[in-house]
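I opened the model today and kept notes as I went. The entries follow in the order I looked things up.

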Amino acid sequence: MRFLLLILALTALSFSLSYEKIKEAYYRSYMYEKVGDYKNAIRVLMEVYKAYPNGYTVNLRLGWLYYLMGKYENSVYHYRKAEKAIPTSLEAKLGLTLPLMAQKKWGEAEEVLYRILATDYYNYYGNLRLCTVLEEQKKYSQQKAIALKMLTVYPTSVPFLVCLAKSYYYLGRKDRAEKLFKDILILDPENLTAKEFLKKLQKEKEKVNST
């Protein structure tokens, strides 16, 4: 808990809330989140936020709660404050990508994700989200490169296999995509994306054969 208090007080001159008040606020916030009451999960943290407006922990949590609530601009605001409090934090940057992606701000999300990879080249979620962001921008060659890189360290990771198969599909390498989607169904028999693309590939073949 000493570490938590230290983070809370990064920019504060002195503590204005007791340990018990901070502990109770976080406990109540987690309980409200557990039942999906994000509005109250935020409300009970406001006293902590007012005491430590530039604190890392409280801004990180508010960023997450506003994201869950669908208030993405508020979420971005607090995640950026958390990142400013501890510039080396990867969790703040990863959190920031969530509301950016939810708003389809692909370019901004891509920039943040590359900053994450500059520190942690093989960060799993950073690379996975980057694959999505690149696909949304139709940067399929870059998406393929990221998926291939990650499959060297996570060879049976279904999400990265799906990213690779999709990149092959969009790059026109349909045979490779089909084989890979079939392989994915061995690892994950109920994978909806693989099934969807295999149906699409089958329809494309039937259309070609009927002409």
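This is a predicted model: local features need pLDDT of at least 70, side-chain atom pairs count only at pLDDT 80 or more; totals for chains, interfaces and linings use all residues.

**Confidence and ground rules**

I checked confidence before anything else: the mean pLDDT (the predictor's confidence in each residue, from 0 to 100) is 94 for the protein, and 92% of the residues score at least 70. I flagged residues 9-14, where pLDDT is below 50. Beyond near neighbours in sequence, that stretch has nine contacts in the model; contact means heavy atoms within 4.5 Å.

Residues are numbered from 1 along each chain as its sequence is written, and side-chain values use heavy atoms, with hydrogens and water left out.

**Helix H9**

I turned to H9, residues 124-136. Helices are DSSP runs of H or I with at least four residues, numbered from the N terminus. H9 has 13 residues and spans 19 Å from its first C-alpha to its last, close to the expected 18 Å. The expected span is 1.5 Å times one less than the number of residues.

At the start of H9, I found a side-chain oxygen of Asn123 within 3.3 Å of the backbone nitrogen of Tyr125. Just after H9, Lys138 has a positive phi of about 60°.

Next I listed burial (buried is under 20% relative accessible area, exposed over 50%, partly exposed in between, with a 1.4 Å probe and protein chains only). Buried residues of H9 include Gly126, Leu128, Leu130, Val133 and Leu134. Arg129 and Glu135 are also on the buried list. The cover over these buried residues includes helices H7 (90-102), H8 (106-119), H10 (140-151) and H11 (158-170).

**Asn127**

What does the side chain of Asn127 reach? I found the backbone oxygen of Asn123 at 2.7 Å. A polar contact of 2.7 Å also joins the side chains of Asn127 and Lys149. The polar contact rule is a pair of N or O atoms within 3.5 Å; within protein, one must be able to donate a hydrogen and the other to accept it, and residues adjacent in sequence count only if both atoms are side-chain atoms.

Asn127 lies in H9 and is buried at 0% relative accessibility. Leaving out residues up to four places away in sequence, Asn127 touches Leu117, Tyr121, Tyr122, Ile146, Lys149, Met150 and Phe160.

**Cysteines**

How many disulfides are there? I counted zero, using the cut-off of cysteine sulfur atoms within 2.5 Å. Cys131 has its closest cysteine sulfur in Cys163, at 3.9 Å, so the pair is too far apart for a bond. Cys131 is buried at 0% relative accessible area, and Cys163 is buried at 7%.

**Ser167**

I then looked at Ser167 in helix H11. Ser167 is buried, with 0% relative accessible area. Beyond four places in sequence, Ser167 is in contact with Tyr140, Gln143 and Lys144.

**Nonpolar cores**

Last, I took the cores: sets of buried Ala, Val, Leu, Ile, Met, Phe, Trp, Tyr and Cys residues joined through side-chain atoms within 4.5 Å. The largest has 42 residues, and Phe181 and Ile184 touch the most other members. H11 gives the most to this core, with nine residues. A second, separate core has 14 residues, among them Leu17, Tyr26, Ala41 and Val48.

I also listed the contacts of Phe181 beyond four places in sequence: Ala165, Lys166, Thr193, Ala194, Phe197, Leu198 and Leu201.

Definitions and conventions. Helices (H or I, at least four residues) and strands (E, at least two) are DSSP runs, numbered from the N terminus.
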